[in-house]
Amino acid sequence: MKKTKIDWCDSTINCVYGCPNGCKYCYGNVMNKRFHFCKNWNIPEWKPEHLKEFYSKKPKSIFIDSMSDIGTWKEEWFNAVAKAISDNPQHRYIALTKRFDRLMDMFLRFTPPIEIFIGISVTTQANANAATLVHRFHNTMPDFYSIEPILQSITIPDDAIPKTLIIGAETGNRKGKVVPQKEWIDRLVRQADEHNSIVFMKESLRSLMGNDFRQDELLWRV
């Protein structure tokens with residue numbers, strides 16, 4: 001288990017490295033080029049030796065797929081991680097995906113039920129619209145949206161605003177990097193406040209937001 005600079009969790013455990021989603025701004029891909037976690041970032045690799053990291057006694061909030069997308073895992077990988085989670089209820093677990101539909105299919109098939117805070121990665125209006133259609137179809141609301149990096153102005157449908165919004169700007173020096181406008185963030189905050197949702201801004205927004213910078217208490221803090 002690794003301590004992390006991710007400011008909305010305590011630690012990360014990664015049993016899978018790599019992701020086929022092909023996001024141009026992918027932090028994991030940048031790190032893989034430096035540290036060579038897997039041979040080809042677009043082809044996820046299973047690292048079962050990390051399962052033992054779940055068996056620590058001190059309660060923590062743990063992000064379980066910071067170097068992959070859990071919705072793209074093979075089902076046997078998901079089941080092995082779910083078993084480790086089931087064995088260690090002292091922690092609180094967070095997962096993030098762009099494949100909420102497939103993740104819910106695997107999640108619902110695993111027994112006994114496990115508790116994970118599930119978020120959908122949203123960076124554009126098209127992402128938000130697609131996510132809304134998916135969780136309407138499943139009649140299940142994700143626990144949070146991770147709007148990071150925010151790449152354009154986004155409006156979430158009123159019936160699709162989750163309990164928590166995590167919002168962040170693109171970091172790094174990518175050519176074509178998007179610098180958000182304060183109005184984009186303000187609009188999302190107004191929507192969240194209208195629905196009594198939690199707002200957690202990443203440190204990447206502190207200078208942009210000034211006195212409006214905000215980090216509400218998260219549901220999974222221990």
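Reader: How much space lies in the second largest pocket?

Author: In this predicted model, the second largest pocket holds about 160 Å³ of space.

Reader: And which residues line that second largest pocket?

Author: The lining is made up of Ile85, Ser86, Asn88, Pro89, His91, Arg92, Tyr93, Ile114, Glu115 and Phe117. By class, these lining residues divide into five nonpolar, three polar and two charged.

Reader: Which elements each supply at least two residues of that lining?

Author: Helix 2, residues 75-87, and strand 6, residues 92-97, each supply at least two residues of the lining of the second largest pocket.

Reader: Let's move to the sheet; what is the strand order, and what sort of pairing does it have?

Author: It is an open sheet of eight strands in the order 1-2-5-6-7-8-9-10, and the pairing is mixed. Strand 1, residues 2-3, and strand 10 are the edge strands, each pairing on one side only.

Reader: Is the pairing of strand 1 and strand 2 parallel or antiparallel?

Author: Strand 1 and strand 2, the latter covering residues 11-12, pair in the antiparallel sense over two bridges, and Lys3 stands opposite Ser11 in strand 2. As background, strands of a sheet pair through backbone hydrogen bonds, and they can do this in either a parallel or an antiparallel way.

Reader: Now strand 7: how many of its residues are buried?

Author: Five of the five residues of strand 7 are buried. Phe117, Gly119 and Ser121 point one way from the strand, while Ile118 and Ile120 point the other way.

Reader: How many bridges does strand 7 make with strand 6, and in which sense?

Author: Strand 6 and strand 7 pair in the parallel sense over four bridges, and the bridge partner of Ala95 in strand 7 is Ile118.

Reader: What about strand 7 and strand 8, parallel or antiparallel?

Author: Strand 7, residues 117-121, pairs with strand 8 in the parallel sense over three bridges. The chain reaches strand 8 from strand 7 by way of helix 4, residues 125-138, and this β-α-β crossover is right-handed. Gly119 stands opposite Phe144 in strand 8, and Ile120 stands opposite Tyr145.

Reader: Which way do the residues of strand 8 point?

Author: In strand 8, residues 144-147, Phe144 and Ser146 point one way and Tyr145 and Ile147 the other, and all of them are buried. Strand 8 also runs parallel to strand 9, residues 164-167, with four bridges joining the two, and Ser146 stands opposite Ile166 in strand 9.

Reader: And what does strand 9 do with strand 10?

Author: Those two pair in the parallel sense over four bridges, with Leu165 standing opposite Val199 in strand 10. Here the chain crosses from strand 9 to strand 10 through helix 5, residues 182-194, and this β-α-β crossover is right-handed. Although strand 10 is an edge strand, both of its faces are covered, with Ile198 and Phe200 buried on one side and Val199 and Met201 buried on the other.

Reader: Changing topic to backbone geometry, where is there a cis peptide bond?

Author: A cis peptide bond joins Glu148 and Pro149, with omega at about -5°, and Pro149 is found in the loop between strand 8 and strand 9. For context, most peptide bonds are trans, and most residues other than glycine have a negative phi.

Reader: Then which residue has a positive phi of about 55° although it is not a glycine?

Author: His36 has a positive phi of about 55°, and it lies in the loop between helix 1, residues 27-35, and strand 4. Asn196, in the loop between helix 5 and strand 10, likewise has a positive phi, near 55°.

Reader: Why does Asn196 count as exposed?

Author: Asn196 counts as exposed because its relative accessibility is 73%, and exposed means over 50%. His36 is exposed too, with a relative accessible area of 61%.

Reader: And His50, buried or exposed?

Author: His50 is buried, because its relative accessible area is 19% and the cut-off for buried is under 20%. His50 sits in the loop between strand 4, residues 45-46, and strand 5, residues 61-63. Leaving aside neighbours within four places in sequence, His50 is in contact with Ile13, Asn14, Cys15 and Tyr17.

Notes. Residues numbered from 1 in each chain as written. Predicted model: local features only at pLDDT ≥ 70, side-chain atom pairs only at ≥ 80, totals over all residues. Heavy atoms only, no water. 1 Å grid on protein atoms, 1.4 Å probe; cavity = no way out; pocket = protein on both sides within 12 Å on 5 of 7 lines; lining within 4 Å. Points joined across faces, edges and corners; volume = space filled by probe spheres on them. Nonpolar A, V, L, I, M, F, W, Y, C, P; charged D, E, K, R; others polar. Buried < 20%, exposed > 50% of the residue type's maximum accessible area, 1.4 Å probe, protein only. Pairing = 2+ DSSP bridges. Right-handed = clockwise from strand over helix to strand, strands pointing away. Contact = heavy atoms within 4.5 Å.
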